[in-house]
Amino acid sequence: MRLWCEAMWGIMRRDGILFMSYRTQLVSQFVGPLFAITLFYYISHLLAVKTFHSPGGYFGYVIVGLVIVEVLTISLGIMPGSVRQELVSGTIERFLVSAHGPVNGIIGTMLFPLCNAILSGVLTLVLATVVFGLPLAATSFLAIPVALLGVIAFMPFALFLVAVVMAFKQVAAASQFIVSGIAIVGGLYFPIGLLPGWLRWASEVQPFTPATDLMRHLLVNTPLVHPAGVELLKLVGFSVVLLPAGFMLLRVSIRYGQRTGTVAEY
Amino acid sequence: MSSSSVSAPVTSQPHTAGSAGEPVLELERLYHKWKGPKPPVLDDVSLTLRSGEVTWVGGRNGAGKTTLLRLAAGILLPQRGSVRMGELTPASKRGLYRRRIGFLSAGDRSLQARMRVRQQLDYWARLAYVPRERRAELVALNLQRFGLDEFAERRVDRMSMGQRQRIRLAMAFLHEPIVLLLDEPRNSLDDDGYRLLSEQIELAAAAGATVLWCSPRGEDRVLTSDAGYTLEDGHLEQIE
């Protein structure tokens, strides 16, 4: 277990070194959310929707949505992209011949982007609070375990996409499509009540809606659509069912590549 | 590099291999066919690698040498036939199997371009499950073994092809594997680099490891090879 942890830390450290070696990335990580927050701060002042009692109501609502979009973009966009990059540069071979192995190695590549996404989310909330006066609820600290549970529930989707990358070598268009779709049906920018009835079912069959609802409730006191216990159960349920399926699919896709000989192709 | 050219070969603790001549890695009746109408690249190929021996496999480009090495390393799984190291196979007890393998692929890939050389070796040592107590020692030893000391803090993408090849070789040897699988290891190496490589191969074999070396041309054969084969039309032929 110690060797496993040290290998995982080695991969995280590697990704940290690579990230920091591109200095403008750090700047853009800080400036990017600031632009998005500013944009939505002024848009919220233009809105007068009965769902929200004040412009500040929508601002708080959408800021939590932005945080979730950040995590989604990284987990569903950047992670499969990183694995594709490992294939193209040939560095995936290190996982394939190491004691740590390809599945652990690929999971290791998810750790730095995930931590980065969480930090970026926290930065977004801090900027919105300090610069734009977003009033955070007293229950905000409870959002941390919920966010972690949410990340676990999102992870299978990243694993599915990574498995597709390992088997078919390309997934960029699909991940973009999925992130955009989830942003709509998960109610990340607007309440799902505004969606047409025929589309609303899609909000109930993925973990993003309950995670977003809970996070909003804990961070900015938005009323819950369903009771908190039900939302939590949904998150746990999605994690328990989808996570083993995600790992299995990743293993199968690697095995498939090893048998056909395409595992290190790009 | 010049400092290494006058020094004695850098040794390390002996590999935990069996006694000389004992089978270490057994490839039996391997078959591999790539998609498409072409005939199989490996057809009923068997090879036994023994402790303390150096084996060379040659053959024209595309003959299947890299596929053979990848199967031996467990990167690919056999479509037919088997790869065994005692009780271990690449499909079962994978981690233990891979801990005993040192692999060098052909070309200049598989390096983290923006990492420093020492960081690169430390990263690999972690992936190879080298215990913390021995990691720094083995990294330092392999920097020395391949004449990389003076470049330890240099970024990999700022190094020449020959220097990169030395880093890749250092990674193949670092965790003291008992099976060394080297695909065109002479690529881009200067005379000094080749000498260091030959020394390390000899030392590894003397310590009980087995070495399989592939290259297309006979002149690339390592001086100390105990057996030589050519791969042609999917079949392995022993040569004198």
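Strand S1 (residues 23-32) of chain B and S4(B) run antiparallel, joined by four bridges. Strands here are DSSP runs of E, at least two residues long; helices are runs of H or I, at least four residues long; both are numbered from the N terminus. Two strands pair if DSSP finds at least two bridges between them. B:Leu27 stands opposite B:Val83 in S4(B).

This is a predicted model: local features need pLDDT of at least 70, side-chain atom pairs count only at pLDDT 80 or more, and totals for chains, interfaces and linings use all residues. Residues are numbered from 1 along each chain as its sequence is written, while chains are lettered from A and ligands numbered from 1 in the order in which they are written.

The open sheet has three strands of chain B, in the order S2-S1-S4, with antiparallel pairing. Strand S2 (42-50) and strand S4 (80-84) of chain B stand at the edges with a single partner strand each, so one side of each has no neighbour in the sheet. From one strand to the next, the twist averages 10°.

Helix H2 (residues 65-73) of chain B lies across S1, S2 and S4 of chain B, at about 125° to S1(B). Axes are lines fitted to C-alpha atoms, for helices over the stretch in contact; angles run from 0 to 180 degrees between N-to-C directions.

## Where chain B touches chain A

The contact takes 30 residues from chain B and 25 residues from chain A. Two residues are in contact if their C-beta atoms, placed from the backbone, lie within 7 Å. On the chain B side, H2, helix H3 (94-99), strand S5 (101-104) and helix H4 (117-127) each give two or more residues. H4(B) gives the most, with five residues.

## Helix H5

Helix H5 (residues 132-145) of chain B has 14 residues and should span 20 Å at 1.5 Å a residue; its end C-alpha atoms are 20 Å apart, which agrees. The expected span is 1.5 Å times one less than the number of residues.

Buried residues of H5(B) include B:Leu138, B:Leu141 and B:Arg145. A residue is buried if 20 or more other C-beta atoms lie within 10 Å of its own, with C-beta atoms placed from the backbone. Their cover includes H4, helix H6 (161-174) and helix H7 (191-206) of chain B. B:Gly147 follows H5(B), with a positive phi near 65°.

## A hairpin

Strand S8 (residues 227-232) and strand S9 (residues 235-239) of chain B pair in the antiparallel sense over five bridges. S8(B) and S9(B) form a hairpin with two residues between them. B:Asp233 in the turn has a positive phi of about 50°.

Conventions:
Buried ≥ 20, exposed ≤ 12 C-beta atoms within 10 Å, placed from the backbone.
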